[in-house]
Amino acid sequence: MNARELPEPSGRVALVTGASRGIGYGIAEALVARGDRVCITGRGEDALKEAVERLGSDRAVYVAGKAHDEAHQAHAVERAMEAFGRVDHLVNNAGTNPVFGPMAELDLAVARKVYETNVISALGFAQQTWKAWQRENGGSIVNIASVAGVGASPFVGAYGMSKAAMINLTLQLAHEFAPIVRVNAIAPAVVKTKFAQALYEGREEEVTAAYPLGRLGTPADIGGAAAFLTSGQSEWITGQTLVIDGGIFLNAGVG
């Protein structure tokens, strides 16, 4: 992204978790492109530094750490407030999926880790953002869920279970934080990222054939949706989960 092409600052600030690459970076990029400033998080400091350089060091800062670490959650919100003075939007994108296999054989310790990282961390960031800015000033939250959370997800059941919980967390927060903060979720199908690579690598043509729109998703697809859900154009939308799936759910009734 070329800083000379950026619009004037909008005055709005977003905290985007898990945003050094993939969907999170795509969201941060979309928000910066409309004039927002962002604080991004992730585990790898080098990757975060590179992301900030691409986004523009005058528009972005970063905090490295583990999403489920409460001290990291607090630090990220503090850094955004310190750098920009506000946190209007929170995008909970950080997540993990370290296991592939049947639920009957799932290591319960791994299940707990997935839930802790994918769900409890999102609640923690929401609490911190609420206390620091949104309770008094309003704003929005977007939780990145998955189509795995709205249907069966063979061999990634722990991930699907956590994303179903993320969708319900969206409902709980939307109800509790209304009318001042809107809370919505996005549930993508397969998006071409390193995180989802195992789902299509080596057989992309076969996987893509199942999508009526003829391609897999891109981070920019999710970035555009997140930009909409954090904008004034969506100010009468809360508690909703937007499925972005290239039409693949249209096939549910086929056969």
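**Entry 1: a ring at the surface**

Is F100 buried or exposed? I looked this up first: F100 counts as exposed, at 60% relative accessibility. My cut-offs are buried for under 20% relative accessible area, exposed for over 50% and partly exposed in between, with a 1.4 Å probe and protein chains only.

Ground rules before I go on. This is a predicted model, so local features need pLDDT of at least 70 and side-chain atom pairs count only at pLDDT 80 or more, while totals for chains, interfaces and linings use all residues. Residues are numbered from 1 along each chain as its sequence is written, and side-chain values use heavy atoms, with hydrogens and water left out.

**Entry 2: aromatic pairs**

I counted rings of Phe, Tyr and Trp (its six-membered ring) as a pair if their centres lie within 6.5 Å; planes under 30 degrees apart are stacked, over 60 edge-to-face and the rest tilted. That rule gives 2 aromatic pairs.

F100 and F155 make a stacked pair, 5.4 Å centre to centre with 25 degrees between the planes. F100 sits in the loop between β4 and α4, F155 in the loop between β5 and α5, and 55 residues separate them. For element names I used DSSP runs numbered from the N terminus: helices are H or I with at least four residues, strands E with at least two.

W130 and F177 are also stacked, because their ring centres are 4.1 Å apart and their planes are at 10 degrees. W130 belongs to helix α4 and F177 to helix α5, so this pair ties together parts 47 residues apart in sequence. W130 is buried at 18% relative accessible area, and F177 is buried at 5%.

I went back to F155 for its backbone. F155 has a positive phi of about 75 degrees although it is not a glycine. F155 is partly exposed, with a relative accessible area of 47%.

Which two residues does a cis peptide bond join? They are A178 and P179, with omega at about 5 degrees. P179 is in the loop between α5 (157-177) and β6 (181-188).

**Entry 3: walking the strands**

I called two strands paired if DSSP finds at least two bridges between them. β1 (residues 13-16) runs parallel to β4 and is joined to it by 3 bridges, with V16 opposite V91 in β4. β4 (residues 89-92) in turn runs parallel to β5 (residues 139-144), with 4 bridges. There V91 stands opposite V142 in β5. From β4 the chain crosses to β5 through helix α4 (residues 108-137), and this β-α-β crossover is right-handed. I take right-handed to mean that, with the strands pointing away from the viewer, the path from the first strand over the helix to the second runs clockwise.

Next step along: β5 and β6 are parallel over 6 bridges, and V142 stands opposite N184 in β6. β5, α5 and β6 form a right-handed β-α-β unit. I finished at β7 (residues 241-244), which runs parallel to β6 with 4 bridges; P188 has I244 as its bridge partner there.

**Entry 4: which faces are covered?**

A reminder to myself: in a regular strand the side chains alternate between the two faces of the sheet. In β4, H89 and V91 on one side and L90 and N92 on the other are all buried, so both faces are covered.

How many residues of β6 are buried? I found 8 of the 8, so β6 is largely enclosed by the rest of the structure. One side carries V181, V183, A185 and A187, and the other R182, N184, I186 and P188.

**Entry 5: the cores**

For a nonpolar core I took buried Ala, Val, Leu, Ile, Met, Phe, Trp, Tyr and Cys residues joined through side-chain atoms within 4.5 Å. The largest has 29 residues, and L15, I141, F177 and V183 have the most contacts inside it. β1, β3 (60-64), α3 (70-84), α4, α5 and β6 each give two or more residues to this core. α5 gives the most, with 6 residues.

I checked I141 for contacts (heavy atoms within 4.5 Å). Not counting residues up to four places away in sequence, I141 touches L90, N92, A126, Q134, F177, V181, R182, V183 and N184.

Another core, of 27 residues, lies apart from the largest one and includes I27, I40, V52 and A225.
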